[in-house]
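Have a look at the structure first, then read on.

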Amino acid sequence: MTVESSGGNVLVVEPMGASGEVLLQSVRRRGFRSVVATTPEVHRDSLLAVADLIDETIYVDFSDGDQAVNALVLAGRHYGFCGVVVSWEFLTDVAARVAAALGLRGPDLEHAHARRNKLEMSATWKVAGLPVPELLAVVDPVTFHEGALRCLTYPVVVKPAENSASFGVTVVDRADGMADAVKEASAWTHEFPHGIPFDRSVLVQDYLLGQEFSVEGVSDGGRFFTWGVTMKNTTEGAACAETGHVFPAPISPDLAAGIIELASEGTAALGITDGISHTEIKLDANGEPRLIETGPRPAGDLIPQLVRLATGESPTDVYVRQATGGLPAGFVPRRARRAAAIRFIMPPRTGVFNAITFPERLAAGEIVETRVTAEPGTGVVAGSTNVERVGWIMVKARDGESAAAALCEVDSETRLSLT
Ligand SMILES: Nc1ncnc2c1ncn2[C@@H]1O[C@H](COP(=O)(O)OP(=O)(O)OP(=O)(O)O)[C@@H](O)[C@H]1O
Ligand SMILES: [Mg+2]
């Protein structure tokens with residue numbers, strides 16, 4: 001490991017969740033001190049497990065964006081931050097504003113809100129001439145009545161303008177499913193746990209039926225770099241919860257190049273000149289890629305670890321390096337030398353969780369790590385979002401095809417005990 005840094009203070013905006021932990025590890029690995037902006041509640045409920053990676057804590061009320069920015073800019077004058085990084089999707093705009101106010105590297109401010117609002121995001125892409133799912137309607141959940149959308153061609157996707165982890169996202173295949181889907185999409189009025197108010201608009205989009213991918217990238221001074229394309233698996237049916245990822249995706253070089261080109265254009269249109277990004281792309285009926293969403297934050301679902309396993313380079317390490325001083329002129333992300341994949345275990349029905357028995361070995365790959373994330377004896381429900389998962393298994397393999405085959409073995413050999 002090479003550490004080139006000086007031990008300066010890096011502001012880490014709300015590192016809760018798996019990608020927050022990975023980001024804190026990167027700050028430490030790069031030799032910086034982490035000054036974490038969080039709330040007392042999140043600190044108590046989610047950050048104690050990573051307490052060793054936190055050097056200082058600042059409590060901020062994120063429910064008021066302007067106030068949060070002012071507090072962090074003031075803190076910046078005290079701590080002399082040398083970089084600002086963020087992992088929590090709903091605070092990417094706050095992080096960008098703080099970085100700009102302190103003269104540090106971060107994405108452009110113009111599209112800061114579009115980067116976390118799916119309605120503004122797809123409008124921005126459309127104006128830039130980039131392919132997106134067709135927007136069939138924007139619904140105000142308060143005045144919505146079923147008759148208004150009688151003429152749609154189904155299936156469609158109904159989703160909130162602002163939420164994450166597939167909350168409120170439904171694939172609807174007939175008109176009489178719309179009322180429930182709109183209700184579901186508008187059920188959350190505020191982000192949890194910071195209480196950031198949501199735009200309540202509900203999007204109705206054309207359903208893209210092709211395979212889904214993501215692109216893990218980092219931008220520096222307007223240059224876009226990527227480690228490659230990740231292939232996603234999601235649940236079938238009405239919900240679209242993510243059940244697994246394979247990196248690098250086992251696809252043709254031409255398709256990978258097209259997906260990467262679109263991610264590069266999509267991030268540029270959203271003003272992601274600097275910082276990490278995770279771009280979700282789906283193929284349409286003609287096999288052409290279209291942009292679903294981009295976040296100027298590390299990917300969730302342990303994708304940064306998959307990239308690290310496959311390439312030997314951590315995207316979040318590079319993010320910290322970029323945010324604190326920029327990347328060298330000749331920077332090139334490392335190529336994958338092998339593949340890595342993850343499968344999330346989701347309960348197929350409501351019940352009480354007992355245990356998961358993972359296979360001991362696989363023919364197509366090697367097991368890297370397994371984790372049971374549910375407590376035995378707790379109630380679980382059938383998975384429709386990313387939060388119903390009860391555990392995961394990470395594997396590595398020679399190439400993407402082998403990693404995907406290893407996940408198929410996991411699917412047939414993993415036993416989930418529910419009562
Ligand atoms: N227009 C669409 N056509 C087909 N599938 C879609 C469409 N929009 C969303 N999806 C599916 O629903 C999933 C969740 O949608 P989206 O990414 O917009 O919401 P999210 O809450 O950010 O979810 P996540 O955090 O899981 O990515 C996508 O990853 C994709 O599988
Ligand atoms: Mg998404």
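Four strands make up an open sheet in the order S3-S2-S1-S4, with parallel pairing; strands here are DSSP E runs of at least two residues and helices are H or I runs of at least four, numbered from the N terminus, and two strands pair if DSSP finds at least two bridges between them. Strand S3 (56-59) and S4 are the edges, each with a single partner strand, so one side of each has no neighbour in the sheet. On average, neighbouring strands of this sheet are turned by 25 degrees against each other, direction ignored.

A word on what you're looking at: this is a predicted model, where local features need pLDDT of at least 70, side-chain atom pairs count only at pLDDT 80 or more, and totals for chains, interfaces and linings use all residues. Residues are numbered from 1 along each chain as its sequence is written, while chains are lettered from A and ligands numbered from 1 in the order in which they are written.

| Strands | Sense | Bridges | One bridge pair |
|---|---|---|---|
| S1 (9-13) and S2 (33-38) | parallel | 5 bridges | Val12 and Val36 |
| S5 (135-139) and S8 (202-206) | antiparallel | 4 bridges | Leu135 and Gln205 |
| S6 (156-160) and S8 | antiparallel | 5 bridges | Val156 and Asp206 |

Back at S1 and S2, which pair over 5 bridges, H1 packs on the sheet and touches S1, S2 and S4, its direction making about 175 degrees with that of S1. Helix H9 (residues 315-323) packs there too, touching S1 and S4, at about 145 degrees to the direction of S4. Angles run from 0 to 180 degrees between N-to-C directions, with axes fitted to C-alpha atoms, for helices over the stretch in contact.

Now the domains. The assignment, automatic or from a database, gives domain 1 (9-101), domain 2 (134-206), domain 3 (210-325) and domain 4 (338-419). Domain 1 puts 19 residues in contact with 17 of domain 3, contact meaning C-beta atoms, placed from the backbone, within 7 Å. On the domain 1 side, H1 (18-29) and S4 (83-86) each supply at least two residues, and H1 gives the largest share, 7 residues.

Finally, H3 (residues 65-79) and H4 (residues 92-101) pack at about 40 degrees, axes 9 Å apart. Gly65, Ala68, Val69, Leu72, Val73 and Gly76 in H3 meet Asp93, Val94, Arg97, Val98 and Ala101 in H4.

Notes. Contact = placed C-beta atoms within 7 Å.
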